[in-house]
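Let's take a walk through the charged side chains of this protein. Have a look at the fold and we'll start at the surface.

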Amino acid sequence: MKGKSIIVAGAGKSGVAATGLLLRNGAKVTLYDGNTELDKDELLAGFAGAGNINIVLGELDDETLEGVDLFIISPGISVEAPFVEKVKAAGIPIWSEIELAYYFNKGKIAAITGTNGKTTTTTLVGEIFKEFTKDCLVVGNIGLPYTRFADATSENTYVAAEISSFQLETIHDFRPHVSAVLNLTPDHLNRHHTFDNYAAAKMRITENQTDEDYIVLNYDDPEIMKRTDGIKANICYFSHEAEPERGAFTRDGKIYIKNNSTEEYVLDIDRIKILGEHNLENVLAAVCISYFMDIPIEVIRDTVYAFKGVEHRIEFVREVRDVRYYNDSKGTNPDAAIKAIKAMKSTTLLIGGGYDKGSDYDEWVECFPGKVRYLVVIGETADKIIKCCKDHGFNEVVKVDKLEDAVTFCYKHAKPGDDVLLSPACASWDMFRSYEERGNLFKLYVESLED
């Protein structure tokens, strides 16, 4: 990269980290962002003394593209954006920031994708790695850009990376030692247009793997099982419905791992602290990933037993007047929200709605009868969700303006023994900067309730 002329598109967390990596390694970088309201001086100050950097805001003109060797795209930018089409037409290679990180990486990578469960599974795998070695990283879509650390890795570094479909769209050589696809249900159709496009992007995680590598797949997911042809890596499955020849499975309340003819006991299911059948799947996946990353079973067992889950994913907040409040702000699509509803132990008052990613809500609403007593909706999708509820004969729907109003409604209408669940089935970007902000505000409002 030394002396190369490189454009990094997107001045957010990923783009800034990628720019820093390139500058550390002698590249000439143009950091580009279409947002003209950004402060150029403030951005430059973040790279003070770091080397050859230029900031371009607004339109990406032809002159800026002259002599450019490489274009790094942040995951939030569509490959169909007009300025990206201009880059393609100029014949400039386009890399995701994950591809850039891989270029510098020396460590052993476990890369995890799927529609739901990525963050929980990646976090758990990361905790297992931490228990095994101090030389490990937990990076990617989970919040820490891989490019911040990639050039500091060694051959002994263990990397747990959460990888999104957006990041996989523009990989070239990215090759994890163990990859995993946890599940496939429709999501981000506003970006990928069709489910097949979205699923194909997810399955790219294995395209550069060889027979020296492993891919961990959900045996119980029919959409994944349709897409196993052409995989060159050794396929390992996880399942709570079958016992695959290679992989992790359940039997008589225990998890076992099998590698061809060898079968080993891993752990007791009743000692897992995180709620729900979907979290059992996440644990099975993490067991399988860690095992094929050569982590000892006793390390896996002890870490799983100690693991309490991740923030914003069916996170217990507080009990008020014998009503339990759960924050599942990371439930940003219907399938994730269905899993959260199923994990509740009692009648549920559900808070949903938000930014429209092009999802439909039929299956979500169909799981309400006998479980959800009230649905309180907010945000851009509120009217779309109300119509879907009426189409399915579910009429206990209330629309409010703000998340705080939704919490107040649930507080006033919940009965002792009920659960109140924020699990929006939608992204947060219509009213909040992120699902984290939405979840943190929910917790703040719940903490302010009088007991």
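Which residues gather in a patch of negative charge on the surface? They are Glu59, Asp61, Asp62, Glu63 and Glu66. A patch here takes residues with over 30% relative accessible area and no salt bridge, with like charges joined within 9 Å. Asp62 sits in helix H3, residues 62–65 (helices are DSSP runs of H or I, at least four residues; strands are E runs of at least two). Its relative accessibility is 53%, so Asp62 counts as exposed (exposed is over 50%, buried under 20%, partly exposed in between, with a 1.4 Å probe and protein chains only).

A word on the ground rules: this is a predicted model, where local features need pLDDT of at least 70, side-chain atom pairs count only at pLDDT 80 or more, and totals for chains, interfaces and linings use all residues. Residues are numbered from 1 along each chain as its sequence is written, and side-chain values use heavy atoms, leaving out hydrogens and water.

Now for the pairs. The structure holds 23 salt bridges, each a side-chain nitrogen of Lys or Arg within 4 Å of a carboxyl oxygen of Asp or Glu. One of them joins Arg324 to Asp419 at 2.7 Å, N to O. Arg324 is in strand E16 (323–327) and Asp419 in strand E20 (419–422), so the pair ties together parts 95 residues apart in sequence. Arg324 is partly exposed at 21%, while Asp419 is buried at 1%.

Note on methods:
Patch = residues over 30% accessible without salt bridge, like charges linked within 9 Å, V, L, I, M, F, W, Y side chains within 5 Å. Areas by Shrake-Rupley, 256 points an atom, 1.4 Å probe, with all protein chains shown as cover. Lys, Arg positive; Asp, Glu negative; His and termini not counted. Charge placed at Lys NZ, Arg CZ, Asp CG, Glu CD.
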